[in-house]
Every structure is written in structure tokens, then in C-alpha cells.
Amino acid sequence: MGLMIEGILSKYFTVYTQKEVLEKYSIDYGYLSPILSSLRKIPKALIKIRNEEELKTLMDLVNEYNFPIIPRGNGTNTLGETIPIKDDSVIVDTTEFKGFENKGTYIITKPGTEFNDIGIENLPVVPTSFNIATIGGYVAGGSLGFGSLRYGAVWDNVREVTVYTPRGRYTLKGSNVYSVVQAAGTTGIISEIKINALRRPRKVSVARRSFNSLKEAIDKALELIDSAEFISIRNKAMASVIEPYYSWGNWNLIYGINEPDLDTSIPLKEIVTTFAGAYFTVVNKTKVNYASMDITLDELEKLEGIKCLIDAELAKSRNKYFSHTYFLNYTYLPNLNSSKFDLHSFRVNDRVEDDRLKKMISFKKLVDPEDLLNPGKLVTDS
Ligand SMILES: Cc1cc2nc3c(=O)[nH]c(=O)nc-3n(C[C@H](O)[C@H](O)[C@H](O)COP(=O)(O)OP(=O)(O)OC[C@H]3O[C@@H](n4cnc5c(N)ncnc54)[C@H](O)[C@@H]3O)c2cc1C
């Protein structure tokens with residue numbers, strides 16, 4: 001069957017099958033996790049789509065010939081979301097499917113557009129990988145980012161999303177976007193996104209405060225929570241690895257406030273230490289083990305005394321504050337009433353809350369019952 005698919009695709013697309021190309025597209029930033037990188041299979045072929053017509057042609061072929069495809073942006077996700085785990089996958093590169101329009105209060109964009117094309121000052125939430133990621137990859141695979149404390153998660157800001165699936169084209173609105181956002185391309189290839197827009201100052205002032213106890217740091221964070229642009233709480237070990245040139249206390253707050261004229265203000269583009277940015281940079285440098293948990297703010301104080309590097313990034317999702325928390329070089333994790341966010345699992349099921357997951361699964365059953373879109377990543381029979 002393999003050869004046949006390449007032959008069929010080559011009638012409509014340039015098909016890349018060179019060994020080096022397939023090697024490169026078999027891995028993403030999930031290489032960080034030995035568990036994820038050990039699962040990868042070499043894909044059958046790579047194609048690139050540039051517009052809706054090509055996407056429609058591709059989906060007609062998938063529907064007719066039943067071959068697995070994996071949509072891909074720049075491959076900067078750290079969760080193995082674009083790593084093929086089934087044989088004979090075709091990688092579908094969307095990075096040349098570009099273009100956007102800024103309408104003031106919202107932006108309409110194609111998936112391959114990059115953050116620097118749109119300008120990060122125009123978007124409510126951006127990943128700290130904004131220099132290297134596509135907006136389609138972020139909407140399909142991302143969760144939080146710079147801006148999440150004030151404006152919520154990616155799924156809070158996507159107003160509409162259009163996807164192509166083996167069963168046709170769908171435009172989803174309101175809470176129906178949950179079927180696609182963070183579903184890792186398992187429920188359709190995104191052709192268009194309508195996302196909230198705003199205009200923020202190009203600079204933000206960053207402050208650093210040290211405390212003896214975690215409780216003091218949390219109390220100060222709660223004081224700032226409604227006015228800050230971002231808040232990170234880091235213990236000494238974590239803060240010292242990320243910014244070695246400061247002298248840190250037991251617990252530290254690093255936060256941004258919207259006062260662009262202060263001496264401490266720096267361009268937005270230099271704020272790259274939050275969310276995945278911090279853990280990725282530190283783990284890449286130190287090769288230690290890592291995990292993350294989403295913890296409610298009233299449980300956060302229980303992290304006092306745990307011996308490892310801790311980074312608590314405060315965020316909001318669907319109007320609730322919580323801490324997206326990273327643990328590096330740990331021997332045990334606290335037993336808290338937290339929600340799952342497994343950094344070593346390729347399964348969407350291991351990082352999405354139940355109600356959003358339900359929406360993904362029921363849409364998946366409708367549009368892709370054969371599991372051809374990023375197969376194996378969304379488990380529907382749990
Ligand atoms: C240094 C660093 C910092 C990061 N910071 C953050 C952060 O702050 N917040 C955060 O959430 N993440 C962060 N990430 C991970 C993040 O999810 C990605 O950087 C980004 O969202 C992925 O964009 P990409 O274009 O590389 O997508 P890829 O990695 O190529 O793809 C991501 C997922 O989207 C799917 N996909 C891609 N394009 C489409 C499409 N057109 N239609 C359907 N599905 C598609 C893929 O199949 C995959 O499942 C960070 C990563 C790094 C390395």
C-alpha cells in the first residue's frame with residue numbers, strides 16, 4: 001500500500017521521501033523526553049500544503065484511500081505531538097499555508113502564519129516559543145503562554161476555527177472550538193482561525209522580589225494577580241539556573257507590570273522565561289528529569305519543603321486562576337488534588353480536562369472514526 005500512496009499523492013503534490021527529510025520530520029522538540037523520542041517511527045512521506053484547495057484534495061484522498069496523516073507546523077511542541085507512532089504516516093507540513101488580516105478586535109489567520117508576522121503585541125496570548133512556532137501549531141497544540149494570566153488560555157481566545165477532516169469541512173464557534181484547540185491535529189487540519197486581537201504596549205516592566213517562605217511569595221502574588229501581565233514563583237534552585245546573575249531568596253516572584261516607561265521595562269520580545277520556555281531551556285541545559293502539574297492556588301503552599309527545582313507560572317483558564325507548575329530534578333512529586341498535564345505522554349487524554357476532552361472525542365468520532373488524523377494521539381474508547 002505504501003508505494004501506492006506515494007504514487008497517488010504525487011499526482012497532486014510534491015512528495016518528499018528522501019531519508020534525511022523523513023528523519024528530520026520524524027521528530028520534534030519532544031526529543032527532550034527520552035520516553036517520547038523512543039516511540040518515533042519514520043514517516044512514509046512528507047507533503048506541503050499551501051491553500052484550502054490543496055487541503056481539500058488531500059482530505060478527499062485520505063477519505064478514499066484511508067492513509068494516516070500528521071499535520072505539522074514548525075515541530076516546536078515538546079510533547080511528541082508530531083512524532084509518528086504508527087507506521088506509514090504522511091507528514092503534512094502547513095508552514096507555507098500563510099496569511100492573515102488584523103480586523104482590530106480580532107485576527108483571521110491561516111495556520112502557517114508566524115507570530116512575528118502578526119506581531120506579538122497584537123495577540124492576547126502567545127507562547128514563549130513565538131520566535132519559532134506557527135499560530136496553527138499553537139492553536140492545535142498549545143495551551144498557555146505570555147498573556148494567560150490576564151486573558152486566559154488559547155481556547156479562551158479562539159472565536160472560530162475551520163478544519164478539514166475526512167468527513168468534510170467544519171467551522172466551529174463558541175465552546176465548540178474545544179473540539180479542535182489543543183487536540184493536536186487529531187480532529188482536523190486547521191485551515192483558518194479567528195482569534196481575539198488587542199494592542200498592548202511593546203514593553204513591559206519586570207520586577208523581581210525575594211521572600212523567605214513560599215507563603216509570603218504567594219500572598220504577594222495574590223495582591224498583584226489582577227494587575228500583573230505575568231507572575232512566576234520560583235524557588236532558589238530554579239531561579240538561580242534561569243537567571244544566575246541575580247542573588248535569589250528561598251522563594252522568588254518574577255512578575256511583569258504594564259508600565260512601559262519605567263527603567264525596568266524591556267521589550268515584550270525579551271520575555272522568554274515563562275511557561276515551557278523556562279523548563280525547556282533548563283532541561284535542555286541540565287538534562288534532569290521533569291514533570292508538570294496544574295495546581296489550584298489554595299494548594300500551592302504545600303510545595304514548601306519539596307526538594308527540587310520549582311517554577312509556578314500563574315495563569316487563568318476559563319476564568320479560573322491556577323498555577324501551571326514545573327518540577328525539575330525531583331525524587332518525588334507532591335500528592336495534591338491537581339489536574340494532569342503529563343509532559344511525557346503523546347496522548348492528548350493525558351493533558352486535557354474532562355469536559356474539553358469529551359468534546360474532542362465526540363467530534364473525532366464524527367469526523368475521523370478510522371483514526372487517520374494524527375493516529376494514536378487521541379484515545380476515544382476510554
Ligand atoms: C522554548 C519553547 C517554549 C514554548 N513555550 C510554550 C508556551 O508558552 N505555551 C505553550 O502552550 N507551548 C509552548 N511551547 C510548545 C508549543 O506548543 C509550541 O512551541 C507551539 O505551540 C507549536 O507550534 P508549531 O508550529 O511548532 O507546531 P507543531 O509542533 O508542528 O505542532 C503542534 C501540534 O499541532 C498540530 N498541528 C500543526 N499544524 C496544524 C494544523 N494546521 N491543523 C491541525 N493541527 C496542526 C500538530 O499535529 C501537533 O499536534 C514551547 C516550546 C518551546 C520549544
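In the hairpin formed by S4 and S5, three residues lie between the strands, and Gly104 takes a positive phi near 95°. This is a predicted model, so let's take a friendly walk from that hairpin to the neighbouring strands and on to the ligand shell.

**Around the hairpin**
- S4 (residues 100–102) and S5 run antiparallel and are joined by three bridges.
- Within that pairing, Glu101 has Ile108 of S5 as its bridge partner.
- S5 (residues 106–109) shows two faces: Ile107 and Thr109 are on the covered one, while Tyr106 and Ile108 are on the uncovered one.
- S5 also pairs with S8, in the antiparallel sense and over four bridges.
- Here Thr109 has Ile193 of S8 as its bridge partner.

**The parallel sheet**
- Three strands make up an open sheet with parallel pairing, in the order S1-S3-S2.
- S1 (45–48) and S2 are the edge strands, each pairing on one side only.
- On average, neighbouring strands of this sheet are turned by 25° against each other, direction ignored.
- S2 and S3 (residues 90–93) run parallel and are joined by four bridges, and Pro71 stands opposite Val92 in S3.

**The ligand shell**
- There are 38 residues around the ligand, and those that come nearest are Gly73, Gly137, Gly141, Gly142 and Gly185.
- At least two residues of the shell come from each of S2 (69–72), H6 (135–141), S8 (189–196) and H11 (276–286).
- H6 gives the most, with five residues.
- Sorted by class, the shell holds 20 polar, 15 nonpolar and three charged residues.

Terms used: Residues numbered from 1 in each chain as written. Predicted model: local features only at pLDDT ≥ 70, side-chain atom pairs only at ≥ 80, totals over all residues. Near = placed C-beta within 6 Å. Nonpolar A, V, L, I, M, F, W, Y, C, P; charged D, E, K, R; others polar. Pairing = 2+ DSSP bridges. Axes fitted to C-alpha atoms, helices over the stretch in contact; angles between N-to-C directions. Buried ≥ 20, exposed ≤ 12 C-beta atoms within 10 Å, placed from the backbone.
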